[in-house]
Amino acid sequence: PFRRRIDSARLECSPRPRLVFIMHKGGGGTEKHVRELAQLLESEYEVFLLRAYDATIAVLEWARRDEEFSAWFPLPHAYQDLLDFLRKLPVSRIHIHHILDLQQQLLRLPEDLGVPYDFTLHDYYPICPQYNLTWSDGRYCGEPDMTGCTLCLAERPAPWGLDILSWRTLFQRLLMGADRVI
């Protein structure tokens, strides 16, 4: 609690705008990209990473070098606490990098906070929950029609139980609402 209060006071004194980067928990190229971007921006912005820790916990981390601040939010119950925390910072922009394994309610953050957002496409996730466009045996799927996608999702369901049309509609809304798609 004492460390949290000190970090909060330091953040309140910082004149830098606050950015939140939403990303998956998996590491790899997306995390490398996000961390490099945070380092490039740290002289002008306070950057935070938001990701799922597991199916029910979201973690917000201060991405500044040599900082250890992180806040854990058990969802869905602590969603309002997360909103309150981000409003107190206050966040000026969100940048969505990847939503793999993310709790679905976190996709409402830009709207609930009333802040603009950007969306970076790192792979094929907006068109297919199998982000590498492969069948279960690892072969390229050939991007089949809706029937083929439905058969694939019967074997490997999409997050949140969405069918392929609902999946693509969700991403269409996210991409169309973004200030920038990168």
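**Helices and sheet**

Colleague: What covers the buried residues of α2?

Modeller: The cover includes β1 (18–22) and β2, where contact means heavy atoms within 4.5 Å. Helices (H or I, at least four residues) and strands (E, at least two) are DSSP runs numbered from the N terminus. Keep in mind that this is a predicted model: local features need pLDDT of at least 70, side-chain atom pairs count only at pLDDT 80 or more, and totals for chains, interfaces and linings use all residues. Residues are numbered from 1 along each chain as its sequence is written, and side-chain values use heavy atoms, with hydrogens and water left out.

Colleague: Fine. Which residues of α2 are buried?

Modeller: T30, E31, V34 and A38. Buried means under 20% relative accessible area and exposed over 50%, with partly exposed in between (1.4 Å probe, protein chains only). Looking down the axis of α2, the buried residues fall within an arc of 95 degrees, so they line one face of the helix. The arc is taken from the directions that lead from the helix axis to the C-beta atoms.

Colleague: And which exposed residues are on the face turned away?

Modeller: G28, G29, K32 and L40.

Colleague: Where does α2 sit on the sheet?

Modeller: α2 lies across β1, β2, β3 and β5 (91–96), at about 160 degrees to β2. Axes are lines fitted to C-alpha atoms, for helices over the stretch in contact, and angles run from 0 to 180 degrees between N-to-C directions. Helix α3 (residues 79–88) lies across β1, β2, β3, β4 and β5, at about 150 degrees to β4.

Colleague: What about α1, which of its residues are buried?

Modeller: D7, S8 and L11. Seen down the axis of α1, they fall within an arc of 100 degrees, so they line one face. β1, β2 and β3 are among what covers them, while F2, R5, I6, E12 and C13 are exposed on the face turned away.

Colleague: Switching to the sheet: what's the strand order?

Modeller: It's an open sheet of 7 strands, ordered β4-β3-β2-β1-β5-β6-β7, with mixed pairing. β4 and β7 (180–181) are at the edges with a single partner strand each, so one side of each has no neighbour in the sheet. Two strands pair if DSSP finds at least two bridges between them.

Colleague: How many bridges join β2 to β3?

Modeller: 5, and strand β2 (residues 46–52) runs antiparallel to strand β3 (residues 57–62). The two form a hairpin with 4 residues between them. F48 stands opposite W62, and A52 faces A58.

Colleague: And how do β3 and β4 pair?

Modeller: Also antiparallel, over 5 bridges, with β4 covering residues 70–74. There, E61 has S70 as its bridge partner.

Colleague: Last one: at what angle do α5 and α6 cross?

Modeller: Roughly 100 degrees, with the axes of α5 (residues 146–155) and α6 (residues 164–177) coming within 9 Å. That makes the two helices roughly perpendicular; under 35 degrees counts as roughly parallel, over 145 as roughly antiparallel, 65 to 115 as roughly perpendicular, and the rest as oblique. M146, C149, T150 and L153 of α5 make the contact with I164, L165 and R168 of α6.
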